[in-house]
Amino acid sequence: MAWRRPRIFRPKDVVCRDAVELVTAYLEGQLPARDRARLEGHLADCPHCTAYVEQMRTTVAVLGRARPEPVDAETRDALVDLYRRWQTS
């Protein structure tokens, strides 16, 4: 999915709400250079948003190493059945 600029993103300085909206695109390298520079300027002055970005980086790194455990046939069948019932409701 391509990154879209949030409606709340204004040409002026980035505020914390904007920063939170931009974090995923920022971490994925999808922000245009101008928006990236503005976000990085905000991060340089905002320890709270900087901590949030670091938390997101850590989350992505940890989840990227997670491996699913095997599921037995009975559990798989129960999950498939549950999903099918959910789809028809």
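Reply: Happy to! Let's start with the packing: the axes of helix α1 (residues 16-27) and α3 come within 10 Å and cross at roughly 30°. That makes α1 roughly parallel to α3 (the term covers angles under 35 degrees). The crossing of these two helices, α1 and α3, is right-handed (the near helix is turned clockwise from the far one by less than a right angle). Axes here are lines fitted to C-alpha atoms over the stretch in contact, and angles run from 0 to 180 degrees between N-to-C directions. Helices themselves are DSSP runs of H or I, at least four residues long, numbered from the N terminus.

Before the side chains, a word on the source. This is a predicted model, in which local features need pLDDT of at least 70 and side-chain atom pairs count only at pLDDT 80 or more, while totals for chains, interfaces and linings use all residues. Residues are numbered from 1 along each chain as its sequence is written, and side-chain values use heavy atoms, with hydrogens and water left out.

Now for the charges. The model has four salt bridges (a side-chain nitrogen of Lys or Arg within 4 Å of a carboxyl oxygen of Asp or Glu). One of them joins Asp35 to Arg38, with 3.5 Å between the closest N and O atoms. Both partners, Asp35 and Arg38, belong to helix α2 (residues 33-45) and sit three residues apart, about one turn of the helix. Asp35 and Arg38 are both buried (under 20% relative accessible area; exposed is over 50%, partly exposed in between, with a 1.4 Å probe and protein chains only).

Further along, Asp81 pairs with Arg85, their closest N and O atoms being 3.1 Å apart. These two are four residues apart in helix α4, so about one helical turn separates Asp81 from Arg85. Asp81 is partly exposed, at 39% relative accessible area. Another salt bridge links Arg76 and Asp77, again with closest N and O atoms 3.5 Å apart. Asp77 has a relative accessible area of 46%, so it counts as partly exposed, and Arg76, at 45%, counts as partly exposed too.

The last stop is nonpolar. Val71, Leu79 and Leu82 make a surface patch of about 280 Å². Val71 lies in the loop between α3 (47-65) and α4 (73-88). With a relative accessible area of 48%, Val71 is partly exposed.

Methods
Patch = residues over 30% accessible without salt bridge, like charges linked within 9 Å, V, L, I, M, F, W, Y side chains within 5 Å. Areas by Shrake-Rupley, 256 points an atom, 1.4 Å probe, with all protein chains shown as cover. Parallel < 35°, antiparallel > 145°, perpendicular 65-115°, else oblique.
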